[in-house]
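Reader: I have some time to go through this model with you, and I would like to take it piece by piece. Could we start with the backbone and then move on to the packing?

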Amino acid sequence: NPPPVRRSRRARLLDALVLCLCLGLSWGLVRQVQLGQLQDVEAELRSDVEHSRAKIEALSYNGTVMGSAQWMGLVDDGVKRLLRQQSPDKLRDVLATFRTLIQEFHASNITLLDKSGVAIAHLSQSGNTQGMGLTHGTQTYFQLSMAGRAHVYPMVNPTSGARSLIYTAPVRQSPDPSAAALGVLVVEMSAEDLDAALEENTGPALLVSPDGVVFAANREAWLLNVVKPIAAERQQSLHEKQQFGQLFTGAGPTPLPLHLDGIVGAHDEQHRYAVSAKALSWPDEAGRWQILLLQDLRKPQFEQWLPW
């Protein structure tokens with residue numbers, strides 16, 4: 001038998017180099033595929049968050065409730081007559097109109113405020129009129145609408161803890177959209193409609209305040225928690241404002257176990273998420289209200305190609 005051929009050290013090194021190069025190229029190709037698949041997920045998430053934003057906008061500024069409130073403020077003679085001169089007959093007519101609107105839109109209640117912010121007409125879904133005489137003069141929504149702006153204001157009832165979306169529109173002196181306001185029409189709707197608008201998303205979908213309060217979500221356990229820590233000074237300011245009821249009383253809300261990395265990623269102890277965010281047109285001096293959609297990348301269909 002011929003003696004075995006011994007390869008030179010240089011040849012063995014060359015073989016090792018070729019092997020390393022092949023492994024590196026293979027890893028690079030795999031990495032490119034992984035990143036491409038992740039980009040596809042993020043693109044789909046961006047499309048979904050835009051769809052959710054449009055649905056929320058349609059329930060707020062672009063919806064029939066806001067349109068009806070603005071229409072009444074422009075042309076409804078009944079509310080204007082009551083604002084100019086209060087009388088039992090005029091109040092009865094206005095409450096009949098309110099009753100029709102409550103039935104049509106499933107509103108929680110409707111209130112008419114005079115120019116000082118006092119409720120001169122009020123009707124709840126149950127037929128209760130006990131809100132009459134209460135003052136709303138210090139509320140942001142009243143002040144903005146008296147200045148001529150329709151407004152949407154998310155809030156939490158300080159007594160019941162129920163979440164509501166407050167629609168306000170100026171009641172104008174004439175049908176001219178630039179006419180001065182005689183008072184303000186206030187329509188209160190349940191925020192559960194916002195939750196329902198987010199339900200079609202399979203991953204967590206959140207409507208978040210500028211301070212990070214989860215006001216609406218498709219995960220009930222996440223409601224009225226926060227997605228980021230809030231400084232003690234700011235918590236005190238939110239407590240005094242009472243927009244979120246008693247949420248900032250005492251220790252304040254519970255932070256979710258999320259660590260948001262800007263708007264490009266988030267993780268907790270068990271999950272890694274892709275995140276997409278879209279701002280709403282809701283005016284707020286504190287900043288932007290946003291829709292956040294999260295896709296769990298630790299699910300089996302994604303975990304095989306995660307690049308980490």
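Predicted model: local features only at pLDDT ≥ 70, side-chain atom pairs only at ≥ 80, totals over all residues.

Reader: Where is the place of His106?

Author: His106 sits in the loop between H4 and S1, where helices (H or I, at least four residues) and strands (E, at least two) are DSSP runs numbered from the N terminus. Residues are numbered from 1 along each chain as its sequence is written, and side-chain values use heavy atoms, with hydrogens and water left out.

Reader: OK, and what is the phi of His106, and is the residue buried or exposed?

Author: Its phi is positive, about 55°, although His106 is not a glycine. His106 is exposed, with a relative accessible area of 61%; buried means under 20% relative accessible area, exposed over 50%, and partly exposed in between, using a 1.4 Å probe and protein chains only.

Reader: What about Leu224, where is it found?

Author: Leu224 is found in the loop between strand S7 (214–217) and helix H7 (232–241). Leu224 also has a positive phi, about 60°, without being a glycine, but this residue is buried, at a relative accessible area of 18%.

Reader: Switching to the sheet, what is the order of the five strands?

Author: The order is S2-S1-S5-S4-S3 in an open sheet with antiparallel pairing, and two strands pair if DSSP finds at least two bridges between them. Strand S2 (119–124) and strand S3 (151–156) stand at the edges with a single partner strand each, so one side of each has no neighbour in the sheet. On average, neighbouring strands are turned by 20° against each other, direction ignored; axes here are lines fitted to C-alpha atoms, for helices over the stretch in contact, and angles run from 0 to 180 degrees between N-to-C directions.

Reader: Which helix packs on that sheet?

Author: That is helix H2 (residues 64–75), which touches S3, strand S4 (163–172) and strand S5 (181–190), and whose direction makes about 25° with that of S4. Contact here means heavy atoms within 4.5 Å.

Reader: Which residues does Met72 touch?

Author: Met72, which lies in helix H2, touches Val79, Thr97, Phe98, Leu101 and Leu185, not counting residues up to four places away in sequence. The C-alpha atoms of Met72 and Leu185 are separated by 8.2 Å, although the two residues are 113 residues apart along the chain. Met72 counts as buried, at 3% relative accessibility.

Reader: Back to S3 for a moment, why is it described as largely enclosed?

Author: Six of the six residues of S3 are buried, so the strand is largely enclosed by the rest of the structure. His151, Tyr153 and Met155 point one way, whereas Val152, Pro154 and Val156 point the other way. In a regular strand the side chains alternate between the two faces of the sheet.

Reader: How many bridges pair S3 with S4?

Author: S3 and S4 pair in the antiparallel sense over six bridges, with His151 standing opposite Thr168 in S4. The two strands form a hairpin with six residues between them, and Gly161 in the turn has a positive phi of about 80°.

Reader: At what angle do H3 and H4 pack?

Author: Helix H3 (residues 77–84) and helix H4 (residues 88–105) pack at about 140°, with their axes 9 Å apart. In the contact, Gly78, Val79, Arg81 and Leu82 of H3 meet Lys90, Leu91, Val94 and Phe98 of H4.

Reader: Last topic, how many aromatic pairs are there?

Author: The count comes to five aromatic pairs, where rings of Phe, Tyr and Trp (its six-membered ring) pair if their centres lie within 6.5 Å, and planes under 30 degrees apart count as stacked, over 60 as edge-to-face and the rest as tilted. The rings of Trp282 and Trp289 have centres 5.5 Å apart and planes at 50°, so this pair is tilted. Trp282 is buried at a relative accessible area of 3%, and Trp289 is buried at 1%.

Reader: Which residues do the ring pairs link into a cluster?

Author: The cluster consists of Phe215, Phe244, Phe248, Trp282 and Trp289.
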